[in-house]
Amino acid sequence: MNADQRPEPVERAALLPQLPAPAERDLPAGRHALHRELLMSHIGLTPPATRAEGPPAGPRLRRRLAFSVVGALAAGAAVGGVVLYDQATAGPLNSSELAGWTARPTPVDISKGRGASTVKWCLEGMPDDGGPTTVTNADLRGKVASMVVSRGGTTVLCYVTSNNKGLSMVTDSAQTVAHDAITYDTGGSHGSGSATFNYASGFVGSGVKAVSLTVQDRTFEVTVEKGRWTAWWPGKAPVGKEGLLDTATLTLDDGTTRTVSGSSMFRR
């Protein structure tokens with residue numbers, strides 16, 4: 001057979017047994033875990049769907065950030081480039097709506113006005129399994145209403161503007177934590193430039209009556225109800241470990257206060 005001729009299929013079959021067996025290679029230690037974390041983060045970082053008015057054409061729920069607080073810390077230590085917050089390139093809140101943000105949220109009556117319309121907006125994007133509906137953490141900061149809505153087995157965190165635009169994320173159902181403790185559950189960042197805003201939520205013990213957060217030199221109150229806290233604020237997107245919540249100051253039911261670091265809020 002000439003050097004420039006390819007062997008026929010029969011010849012190839014005859015030659016194959018003469019070739020050395022390929023060496024088996026395994027991934028280095030820890031590499032499987034790294035790929036698994038990256039896969040899970042991609043699964044959880046599906047961009048959120050947004051809408052203007054009217055019911056959505058299909059489900060517009062977004063899975064929350066795939067990292068648990070423990071997973072986020074572990075991944076941050078093992079993978080230098082992993083971002084702990086979801087950063088979308090566009091969001092439903094514009095700069096004028098963000099400009100109305102207030103450091104102290106106003107409670108919202110869900111039976112009428114903005115409260116009722118926000119509940120309706122949230123429910124339109126949730127699966128209707130006939131289960132009971134509950135609403136907590138309903139508040140208003142400027143032109144943006146937010147709340148946690150649960151129906152059946154689904155719980156969503158919603159942010160809705162005065163012109164009935166917004167986004168919603170699937171989040172965890174209620175969790176029990178220590179009497180005087182606070183934990184971080186999920187958070188994210190959306191938008192770009194002057195239209196960037198951030199959100200965070202988690203759980204508190206039964207003895208925690210109020211919470212204020214400090215993030216990037218900004219201190220503000222959060223909404224606490226039935227063991228859950230929620231908050232959102234405008235500003236640049238936090239990245240990596242340096243973007244975690246700086247501190248949380250808890251007011252307990254006996255009137256005392258204590259301040260904890262943002263990293264201590266991560267569930268272990």
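The lining of the largest pocket in this protein is made of three nonpolar, five polar and three charged residues. Here Ala, Val, Leu, Ile, Met, Phe, Trp, Tyr, Cys and Pro count as nonpolar, Asp, Glu, Lys and Arg as charged, and the others, Gly among them, as polar. Welcome to the structure, which is a predicted model: local features need pLDDT of at least 70, side-chain atom pairs count only at pLDDT 80 or more, and totals for chains, interfaces and linings use all residues. Residues are numbered from 1 along each chain as its sequence is written, and side-chain values use heavy atoms, with hydrogens and water left out.

**How confident is the model?**

- The average pLDDT (the predictor's confidence in each residue, from 0 to 100) is 73 for the protein, and 62% of the residues score at least 70.

**The largest pocket**

- About 170 Å³ of space lies in the largest pocket.
- A pocket is found on a 1 Å grid over the protein atoms alone, as an open set of points with protein on both sides within 12 Å along at least five of seven lines; lining residues have an atom within 4 Å of a point.
- Grid points are joined across faces, edges and corners, and the volume is the space filled by probe spheres set on the points, the probe being 1.4 Å.
- Strand S3 (133-141) and strand S4 (144-151) each give at least two residues to the lining, and S3 has the largest share with three.
- The lining includes Thr134, Val135 and Thr136, along with Val148, Ser150 and Thr155.
- Also among the lining residues are Ser173, Ala174, Glu225, Lys226 and Arg228.

**The sheet S10-S9-S13-S14**

- Four strands make up this open antiparallel sheet, in the order S10-S9-S13-S14; two strands pair if DSSP finds at least two bridges between them.
- Strand S10 (218-221) and strand S14 (257-261) are the edge strands, each pairing on one side only.
- Neighbouring strands here are turned by 20 degrees against each other on average, direction ignored; the axes are lines fitted to C-alpha atoms, and angles run from 0 to 180 degrees between N-to-C directions.
- Strand S9 (residues 208-215) is joined to S10 by four bridges, with Leu213 partnered by Phe220 and Thr214 by Thr219.
- S9 and S10 form a hairpin with two residues between them, and Gln216 in the turn has a positive phi of about 50 degrees.
- Six bridges link S9 with strand S13 (residues 247-252) in the antiparallel sense, and Val208 stands opposite Leu252 of S13.
- S13 and S14 pair over five bridges, again antiparallel, and Thr249 has Thr259 in S14 as its bridge partner.
- The S13 and S14 hairpin has four residues between its strands, and Gly255 in the turn has a positive phi of about 90 degrees.

**The sheet S7-S8-S12-S11**

- Another open sheet has four strands in the order S7-S8-S12-S11, with antiparallel pairing.
- Its edge strands are strand S7 (182-190) and S11, which each pair on one side only.
- On average, its neighbouring strands are turned by 15 degrees against each other, direction ignored.
- Strand S8 (residues 197-204) and strand S12 (residues 228-234) pair antiparallel over seven bridges, and Asn198 has Trp233 in S12 as its bridge partner.
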